[in-house]
Amino acid sequence: MEKIIVRGGRQLNGTVKVEGAKNAVLPVIAASIIASEGKSVLHEVPALADVVTINEVLRNINAEVGFENNTVTVDASGDIKTEAPFEFVRKMRASVLVLGPLLARYGHAKVAMPGGCAIGSRPIDQHLKGFEAMGAKVNVGNGFVEVNADGRLKGAKIYMDVPSVGATENIMMAAALADGKTILENCAKEPEIVDLANFLNKMGAKIVGAGTETIRITGVDKLKGAEHTIIPDRIEAGTFMVAAAITKGNVLVKGAEAEHLRSLVSKMQEMGVIIEEEEDGLRVIGPNHLKAVDIKTQPHPGFPTDMQSQIMALMLSAKGTSVITETVFENRFMHVEEFRRMNAKMKIEGRSVIIEGPSDLQGAEVAATDLRAGAALILAGLVADGYTRVTELKHLDRGYVDFADKLAQLGADIERINDNPASEQETAEDSVQATS
Ligand SMILES: CC(=O)N[C@H]1[C@@H](OP(=O)(O)OP(=O)(O)OC[C@H]2O[C@@H](n3ccc(=O)[nH]c3=O)[C@H](O)[C@@H]2O)O[C@H](CO)[C@@H](O)[C@@H]1O
Ligand SMILES: C=C(OP(=O)(O)O)C(=O)O
């Protein structure tokens, strides 16, 4: 089994460079199949398991995809199939992002219905509501969702009940080729949505307002391949910011965009962490004593749910009572049990976790329950007494490139091992099941 073994007690110092954002690159790669002409060239693509999966989804529907030296090329000018097989959606929920592009270009798309996962039920009703408003017929049955349009989709006024990131993206992509104007209200405002809109506009789309509550899309007849550089990963950046703070270190997180990280920066400063904006990133200096704070996760620009477990690791080292409330996903506290194995003093009350700090953390064998939980347990391991062994790394690999190596370069006592190479085949088969 593959494990990351970390021994606590080392201070982290130096520079770490942030990769391109997972949550930007997945919709951008999905969007590239909308182009009926030309090739898309995408730079700063992180070598993540999820990127391999979305590339496989595209190859499977006949797009030509290359991936070398952090550059992905996609040529979708040939005959593209409109059905994405079950194995990919099971492996990665973001596979549903091919629905919008396929529906817009071909008037038909079919993918396996994504189920719930380790962090909540994660329905796609808002995606489907948007497609229906544009004239598509939706059929859900036998584990699949199928959408059909009689001719071109029609621009519409759509109000989303929740500001869903994926629904905003899927509807925006579908509307880019619709007949007429779409006004999408109560949109998610995440920076990754702005990145997708910028890419679509380079392809010839007419989208304004991405990053605000209302996005206006004027449909065009066709889109062409374009060249684009993916924005830096604010969640990976945030994870390294916590690593610096928790070890009382001094780390320059190169590529971290202050503008994308306001809520995290503000909360970490409230905890006593020094954060300085430098020309090429954020310098994070951990204090000797961290203060307890209260945090509520919210859609952007609120505190990101994808940083909830990592900031929880930092709260464990803070003096006093901290409360963290999860409002985005209904079941994103699986890591609490794992932290408890490390002697963390915390309890779940409804949608909140109450942490009595500082905890006297002890190394233990723990499992990554989802990708951010994996990172958070490693962060706790950086300051725990003795050895922490983190398993279920297939989750971590969906969202972090060389996480252990990058921490080791900053001075952590950490290594990734495979203590039973004979079972490698088994691990590869297991990873097909990985969703989070
Ligand atoms: C690949 C990607 O970008 N993943 C991110 C994306 O996921 P994803 O796009 O799946 O997340 P959403 O923003 O859609 O989900 C937010 C909330 O809306 C609910 N909902 C969503 C869609 C829908 O049709 N109906 C509905 O009720 C979900 O159950 C959840 O409670 O945004 C999440 C919220 O910031 C992040 O945690 C994920 O890392
Ligand atoms: C929940 C996450 O991703 P996904 O939506 O891809 O599962 C995440 O990145 O923390």
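Mentor: Residues count from 1 along each chain as its sequence is written, while chains are lettered from A and ligands numbered from 1 in the order in which they are written. The model is predicted, and local features need pLDDT of at least 70, side-chain atom pairs count only at pLDDT 80 or more, and totals for chains, interfaces and linings use all residues.

Trainee: In what order do the 4 strands of the open sheet stand?

Mentor: Strands of a sheet pair through backbone hydrogen bonds, either parallel or antiparallel. Strands are DSSP runs of E, at least two residues; helices are runs of H or I, at least four; both are numbered from the N terminus. Two strands pair if DSSP finds at least two bridges between them. Here the order is β23-β24-β1-β25, with mixed pairing. β23 (365-367) and β25 (413-418) each have a single partner strand, so one side of each lacks a neighbour in the sheet.

Trainee: How many bridges join β1 to β25?

Mentor: There are 6, and the two strands run antiparallel. Ile5 has Glu415 in β25 as its bridge partner.

Trainee: Which residues are closest to ligand 1?

Mentor: A residue is near a molecule if its C-beta atom, placed from the backbone, lies within 6 Å of it. Ligand 1 has 20 residues around it, the closest being Asn23, Gln126, Ser164, Val165 and Gly166. Helices α1 (22-31), α5 (125-133) and α6 (165-176) each supply at least two shell residues.

Trainee: Why does ligand 1 lie between domain 1 and domain 2?

Mentor: Domain bounds come from an automatic or database domain assignment. Domain 1 (2-19 + 232-431) and domain 2 (22-229) both give residues to the shell, so ligand 1 lies between them.
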